[in-house]
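Me: I'd like a close look at one part of this model, with the rest of that chain's sheets laid out around it. Could you walk me through it?

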Amino acid sequence: MDQPNLKTTPLHALHQELEARMVPFAGYEMPAQYPLGVLKEHLHTRAAAGLFDVSHMGQIVLRAKSGDVQEASQALERLVPVDVVDLAPGRLRYAFFTNAQGGIVDDLMVANCGDYLLLVVNAACKETDEAHLRAQLGNECDIERLDRALIALQGPQAETALALLAPQCVSMRFMDIRTLTVMGAECIVARSGYTGEDGFEISTPADIACEIAEELLADACVAPIGLGARDSLRLEAGLCLYGSDIDETTTPVEAGLSWAIQKARRRGGAREGGFPGTETILGQLEHGAARHRAGLRPDGRAPVRAGAQLFAAEGASGQIGTVTSGGFGPSLNAPIAMGYLPSALAVLGTTIFAELRGKRLPVAIMAFPFIVPKYKRG
Amino acid sequence: MLKYTEEHEWLKLDGDIATVGITRHATELLGDIVFVQLPEIGAKLAKGDGAAVVESVKAASDVFAPLAGEVVELNRAIVEDPAIVNADPQGAGWFFKLRLDDPKAMDGLMDEAAYKKLTG
């Protein structure tokens, strides 16, 4: 790689040692795949355990100047249509910053760590997200970007592998977050992920990240996984990629993310509205949105990728939508995609058509997720 | 004889029939192949015409006709199981056979040494 301006994560040397193929991503030099290859890395994660370097993402602490985390939660609710106030200590949830049109500025995870909130945001947006937080909440909150690594360990063997280093992880449920000592270092561990598998996201001090990663990789069932497989895993899980499936022009309702808007923030709720785009979003929650993100399963084996045009019928002239993400799902052994369709046409089980290399290919509309998630709930 | 193109195809000539595939270097660049679309039998291709399509997990790639000829045979096994191309790109992973219009044109293509130099 010959791009001198790319940033590197604390695990960079490890990726090179493991002979990763490095690519630029969000201003960082990141592993796209290792010698195992995207397909096998994907399948390994679903069969055993995959280790991902996601240190490029932003980890931001939001701490009320008063020291009372409830104040930080109340403040954050001014920026997200999500119930943060009722998020209990030791729990995390999915959220998104919205704009005045109800569009999504970034999606993130927010965790209640007892004294403060920990936000994990997308790498490409972390500078603007931090500026947004400072501008909007800087009066009542201190905002601190953490200079730490973030390692995701995902798959049915993730718990067994992490338990060798941190036995208490076994008692964590899906969406719990705890501070655990791992190899003598204080790590923040969440039972969450971006793959549809059980797993953990581990925030570690930067200087011990490589050691922790190597120790996890020493377990025969843990393999290093690159961004290529990270994308195919999340696609199969029906999860959005910011910048592709959701952006400032898509509302959470259009994106099928209404489930993340808890009752307390909806019409009639204890803290109705009060976030950017309230009128649009609450209106769509009540009356529906004009378009909706749909799961797509092309006939045959050819992948239908982002940008492909969608039509209602084989001979139809009017484009009805565009694919926002698409690729091959190794666990399904079939191509899968997602895109926005007019709500009236986004009906499960119907067939629409995608244009691929000048021909119209039948595409079935399917529910998300494409695979069965294996979260350790309750 | 075995020859190569700058688009990372290989050809093996037997009489006037050339077997065509993509090189190991190409498969390494592409990554895991998930879909192959072959030309039709009987298709008459000019040099440089799009002949086949290969889709890997990441992206689509065209396979071009390295020389002018008529498609006389297809390797349907790689359509059924695209992984064969990654496993044995210069053997079992062949794509199609062309009856070359001008077998002598093979002389103008790169030999193995030249191809190795190109791919470093």
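Me: Which residue is the bridge partner of A:Phe96 in β6(A)?

Reply: A:Phe96 has A:Asp107 as its bridge partner in β6(A). Before going further, a few ground rules: this is a predicted model, where local features need pLDDT of at least 70, side-chain atom pairs count only at pLDDT 80 or more, and totals for chains, interfaces and linings use all residues. Residues are numbered from 1 along each chain as its sequence is written, while chains are lettered from A and ligands numbered from 1 in the order in which they are written.

Strands here are DSSP runs of E with at least two residues, and helices are runs of H or I with at least four, both numbered from the N terminus. Strands count as paired if DSSP finds at least two bridges between them.

Now the surroundings. β5(A) and β6 (residues 104-112) of chain A run antiparallel and are joined by seven bridges. Both belong to an open sheet of five strands in chain A, ordered β5-β6-β7-β4-β8, with antiparallel pairing. Its edge strands are β5 (92-98) and β8 (141-145) of chain A, each pairing on one side only. On average, neighbouring strands of this sheet are turned by 30 degrees against each other, direction ignored. (Axes are lines fitted to C-alpha atoms, for helices over the stretch in contact, and angles run from 0 to 180 degrees between N-to-C directions.)

Helix α3 (residues 69-76) of chain A lies across β4 (58-64), β6, β7 (117-121) and β8 of chain A, at about 115 degrees to β4(A). Helix α4 (residues 126-137) of chain A lies across β4, β5, β6, β7 and β8 of chain A, and runs at about 10 degrees to β4(A).

Chain A also has an open sheet of six strands, in the order β10-β11-β12-β9-β3-β13, with mixed pairing. There, β10 (177-182) and β13 (222-224) of chain A are at the edges with a single partner strand each, so one side of each has no neighbour in the sheet. Within it, β9 (residues 148-154) and β12 (residues 199-205) of chain A pair in the antiparallel sense over seven bridges, and A:Ala152 stands opposite A:Glu201 in β12(A). As for helices, α2 (residues 38-47) of chain A lies across β3 (49-53), β9 and β13 of chain A, at about 120 degrees to β3(A). Helix α6 (residues 209-217) of chain A lies across β3, β9, β10, β12 and β13 of chain A, at about 15 degrees to β9(A).

Methods: Contact = placed C-beta atoms within 7 Å.
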